[in-house]
Amino acid sequence: NVIICGDFNMHHVNWDTHAQSTQMGEDLNEWIEDSSMKVLNMGLPTRRSKIDRTKSTPDITIIHENRVEEPIIEQFRCKKTCALKIGNYSRQHQSM
């Protein structure tokens, strides 16, 4: 019964159609599949580059596949800046 949410900064075509897959994304995707997990992202970008305004989806939510049908979160939206703090780690992104 685990939900994993994070700014993974990894790209894979299974959750990020806006950027090319990276080796770390390939490795994470392999772990997701081997662990019977599923990415809940629906293809929407979660980041836009300040430099060239390109979109990508480095922020993903992962859940065990036997929990996918349960209602968890309908929608999460940020007004200005999204922030996540877990322990000593924190990350911010400008909202889309």
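Modeller: Bear in mind that the model is predicted.

Biologist: Good to know! Which pattern does the protein chain follow when read along the sequence?

Modeller: The secondary structure comes to 1 helix and 7 strands. Read along the sequence, the pattern is β-α-β-β-β-β-β-β.

Biologist: How far does α1 reach from its first C-alpha to its last?

Modeller: Helix α1 has 12 residues. At 1.5 Å a residue, the expected span is 16 Å, and the model comes close to that, with a reach of 16 Å.

Biologist: Why do the buried residues of α1 line one face of the helix?

Modeller: The buried residues in α1 are G25, L28, N29 and I32. Viewed down the axis of α1, they line one face because they fall within an arc of 100°. On the other side, Q23 and D34 are exposed. As for partners, the buried residues of α1 pack against β2 and β5.

Biologist: Which residues make up the largest nonpolar core?

Modeller: Nonpolar side chains tend to be buried together in soluble globular proteins. Here α1 (23-34), β2 (37-39) and β5 (59-64) each give two or more residues to the core. The 8 residues in all are M10, W15, L28, I32, M37, V39, I60 and I62.

Biologist: And which residues does L28 touch, not counting those up to four places away in sequence?

Modeller: L28 is one of the buried residues of α1, and also part of that largest nonpolar core. Leaving out residues up to four places away, L28 touches F8, M10, W15 and I60.

Methods
Residues numbered from 1 in each chain as written. Predicted model: local features only at pLDDT ≥ 70, side-chain atom pairs only at ≥ 80, totals over all residues. Heavy atoms only, no water. Core = buried A, V, L, I, M, F, W, Y, C linked by side-chain atoms within 4.5 Å. Buried < 20%, exposed > 50% of the residue type's maximum accessible area, 1.4 Å probe, protein only. Helix = DSSP H or I, 4+ residues; strand = E, 2+ residues; numbered from the N terminus. Contact = heavy atoms within 4.5 Å. Expected span 1.5 Å × (residues − 1). Arc of directions from axis to C-beta.
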